[in-house]
Amino acid sequence: MGSSSRALLLAAVAAAVAGLAAANFRDDCDIPWEPQNARFTSDGNGLSMSLVSNYSGCMLRTKKQFIYGTVSTLIQLVPGDSAGTVTTYYASSVGDNHDEIDFEFLGNETGQPYTIHTNLYADGVGKKEMQFKPWFDPTTGYHNYTISWSPCMIVWYVDSVPIRVFRNYQASHGVAFPTSRPMFAYSSIWAAEDWATQGGRVKTDWSKAPFVANYDNIHLDLCECGAGGCATSCPAAAAQYNGACQLSPAERGQMQWVQSNYRIYNYCADPKQWINGQKPVECDLAQY
């Protein structure tokens with residue numbers, strides 16, 4: 001990507017995430033796994049993470065936990081033959097019955113598209129996968145990926161386009177939704193050749209290692225856990241993260257376009273994934 005094109009993208013993303021608090025990979029995050037495989041730019045606003053072997057990838061984690069908020073960054077995925085690699089961007093609690101909001105980017109053979117894999121865990125239960133093919137090449141430049149978590153809904157955005165919504169129907173319909181467990185935000189790159197590419201049919205070509213994913217300009221707008229813990233500091237401030245509690249008509253149109261043209265898997269249409277053979281309640285409820 002040329003410097004002028006990258007500058008235009010950065011400017012566009014800056015406008016799209018206006019209101020988010022600028023953060024810094026080096027100052028606001030830790031590298032808890034394989035720190036030797038991470039490289040920061042001199043100002044700490046850029047980061048590369050490498051997968052060098054089947055057992056040596058890399059993971060970044062925010063220093064602070066939060067309940068509700070928005071995390072956003074630019075990512076350039078591994079180019080070329082990325083089969084068997086998984087690059088991630090997600091938020092997760094720790095401990096039993098964890099909550100998690102996932103972006104996972106599943107690599108592929110040269111010339112074949114990535115899979116954008118999304119999932120949600122609430123009270124330790126997942127099986128809410130949706131997958132998409134990108135409508136752009138995610139390896140030739142940077143693209144923005146955003147997770148927005150509010151008390152009323154979770155939204156996954158790609159370049160400011162909502163691709164998926166999961167609404168909070170816990171009180172009205174008993175659908176589990178993350179509301180109380182503090183999360184960290186994470187990014188990582190790791191090996192998963194047994195399942196990641198075409199169901200594990202295509203293995204990783206380790207002669208191509210290291211596999212490198214690049215990150216730029218992390219933004220965090222979070223209800224951070226304070227000295228008194230999350231129970232005292234976050235619920236009281238949660239109202240400011242409610243937003244409109246629904247997508248705008250324009251955003252609904254964008255999401256419908258993505259899901260009609262680029263969604264390749266929906267757990268709501270896969271009875272094999274339903275717990276006890278029962279269609280999940282939320283599948284018949286509005287998600288926008």
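**Aromatic pairs, charges over rings and disulfides**

Phe211 counts as buried, because its relative accessibility is 3% and the cut-off for burial is under 20%. This value, like those that follow, comes from a predicted model.

A pair of aromatic rings is described by the distance of the centres and the angle of the planes. How many aromatic pairs does a search of the whole structure find? The search returns 15. One of the pairs is formed by Tyr90 and Tyr186, with ring centres 4.9 Å apart. The planes of these two rings meet at 5°. Planes under 30 degrees apart count as stacked, so the pair of Tyr90 and Tyr186 is stacked. The two tyrosines link distant parts of the chain. Tyr90 belongs to strand β7, residues 85-92. Tyr186 belongs to strand β14, residues 184-191.

Trp206 and Phe211 show another geometry. Their ring centres lie 5.8 Å apart, and 70° separates the planes. An angle over 60 degrees counts as edge-to-face, and the pair of Trp206 and Phe211 is edge-to-face. Phe211, at 3%, is buried.

Ring pairs also build a cluster. Its members are Trp135, Phe136, Trp257 and Tyr262.

Charged side chains also meet rings. The charged end of Arg61 sits over the ring of Phe184. It is 4.3 Å from the ring centre. Arg164 lies over the face of Trp156. Here the figure is 4.7 Å from the ring centre.

A disulfide is a covalent bond between the sulfur atoms of two cysteines. How many disulfides does the structure hold? It holds two. One of them joins Cys152 to Cys245, with 2.2 Å from S to S. The torsion about this S-S bond is about -115°, so the disulfide of Cys152 and Cys245 is left-handed. Cys152 lies in the loop between β11 (143-149) and β12 (153-158). Cys245 lies in the loop between α4 (230-233) and α5 (249-261). The bond therefore ties together parts that are 93 residues apart in sequence. Cys152 counts as buried because its relative accessibility is 10%. Cys245 has a relative accessible area of 21%, so this residue is partly exposed. The cut-off for burial is under 20%.

The other disulfide joins Cys268 to Cys283, and its S to S distance is 1.9 Å. With -80° about the S-S bond, the link of Cys268 and Cys283 is left-handed. Where do these two cysteines lie? Cys268 and Cys283 both lie in the segment after β16 (263-266). The pair therefore ties together parts that are 15 residues apart in sequence. Cys268 has a relative accessibility of 16%, so Cys268 counts as buried. Cys283 has a relative accessible area of 17% and is therefore buried.

Cys29 counts as buried because its relative accessibility is 5%. Cys58 has a value of 0%, so Cys58 counts as buried too.

Technical notes
Residues are numbered from 1 along each chain as its sequence is written. This is a predicted model: local features need pLDDT of at least 70, side-chain atom pairs count only at pLDDT 80 or more; totals for chains, interfaces and linings use all residues. Side-chain values use heavy atoms; hydrogens and water are left out. Rings of Phe, Tyr and Trp (its six-membered ring) pair if their centres lie within 6.5 Å; planes under 30 degrees apart count as stacked, over 60 as edge-to-face and the rest as tilted. Helices (H or I, at least four residues) and strands (E, at least two) are DSSP runs, numbered from the N terminus. Buried means under 20% relative accessible area, exposed over 50%, partly exposed in between (1.4 Å probe, protein chains only). A charge sits over a ring if NZ of Lys or CZ of Arg is within 6 Å of the ring centre and within 35 degrees of the ring normal. A disulfide is a pair of cysteine sulfur atoms within 2.5 Å.
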